[in-house]
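The stops below go from selection to selection.

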Amino acid sequence: MQVAVVTFDGFNELDSFIASALINRCRKDGLEAFITTPTPQVTSMNGVEVTGQRPMEFVTEADVVLIGSGVRTRDVVADERLISRLSLDPARQLIGSQCSGALVLARLGLLVGMPACTDRTSRPFVEACDVTVLDAPFHAEGNIATAGGCLASQYLASWVITRVLGEKAARDVLEYVAPVGENQETVERALRAVHASEAALH
């Protein structure tokens, strides 16, 4: 199973790198994430230059697509040519967004009839798309998930791992990366966030 972590120019390093790093701890089980970019190189909001591992067109073949955030997301959603390269299929793919990435999902019409999570700065812009924003770090309905707050990217990654490989795989990854002495607390918090969305739908 392949994961496209869509990373635009001006991206937030925490959002793209945390999600991809956690998911890539499951490579041995067949789940692998790739930094996917619209141009061969992109520069983060803090000046970190990154070479994309996959071109934007990779999103059409990926099993999972995660839309990262950044300081130029509003420019992204206004760019018709760029948006047209994001051909996503929620019936076939798991699709998630991090912080301002919710703007991209809204622009693609993927948040119709469902609330979303995003960061405080992006909230008014997401709400302007007629999307209800939750005061929560993570929300998922079916094959679509949104996360709000940089460190909520661990919840987005946990959702992907749980959906693809099961809860035990997610627990193993989270327990390994958790701060020493806070392992159980970290694991339970992440899985509670993921399961809370599922419980709300039943």
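The model is predicted, with local features needing pLDDT of at least 70 and side-chain atom pairs pLDDT 80 or more, while totals for chains, interfaces and linings use all residues. Residues are numbered from 1 along each chain as its sequence is written, and side-chain values use heavy atoms, without hydrogens and water.

Strands (E, at least two residues) and helices (H or I, at least four) are DSSP runs numbered from the N terminus, and two strands pair if DSSP finds at least two bridges between them.

Now show the whole open sheet: seven strands in the order S5-S2-S1-S6-S7-S9-S8, with mixed pairing. S5 (54-55) and S8 (138-141) are the edge strands, each pairing on one side only.

Select Phe 34 and Phe 58. Their rings form an edge-to-face pair, 5.7 Å centre to centre with 85° between the planes; rings of Phe, Tyr and Trp (its six-membered ring) pair with centres within 6.5 Å, and planes under 30 degrees apart count as stacked, over 60 as edge-to-face and the rest as tilted. Phe 34 lies in strand S2 and Phe 58 in the loop between S5 and S6, so the pair ties together parts that are 24 residues apart in sequence. Both are buried (under 20% relative accessible area; exposed is over 50%, partly exposed in between; 1.4 Å probe, protein chains only).

Go to S8 and S9 (144-147). They pair in the antiparallel sense over four bridges, and Glu 141 has Ile 144 in S9 as its bridge partner. In the hairpin, with two residues between the strands, Gly 142 takes a positive phi near 60°.

Which way do the side chains of S9 point? Ile 144 and Thr 146 point one way, Ala 145 and Ala 147 the other, and all are buried.

Finish with S7, which runs parallel to S9 and is joined to it by four bridges. Gln 98 stands opposite Ala 147 in S9.

Note on methods. Contact means heavy atoms within 4.5 Å. Axes are lines fitted to C-alpha atoms, for helices over the stretch in contact, and angles run from 0 to 180 degrees between N-to-C directions.
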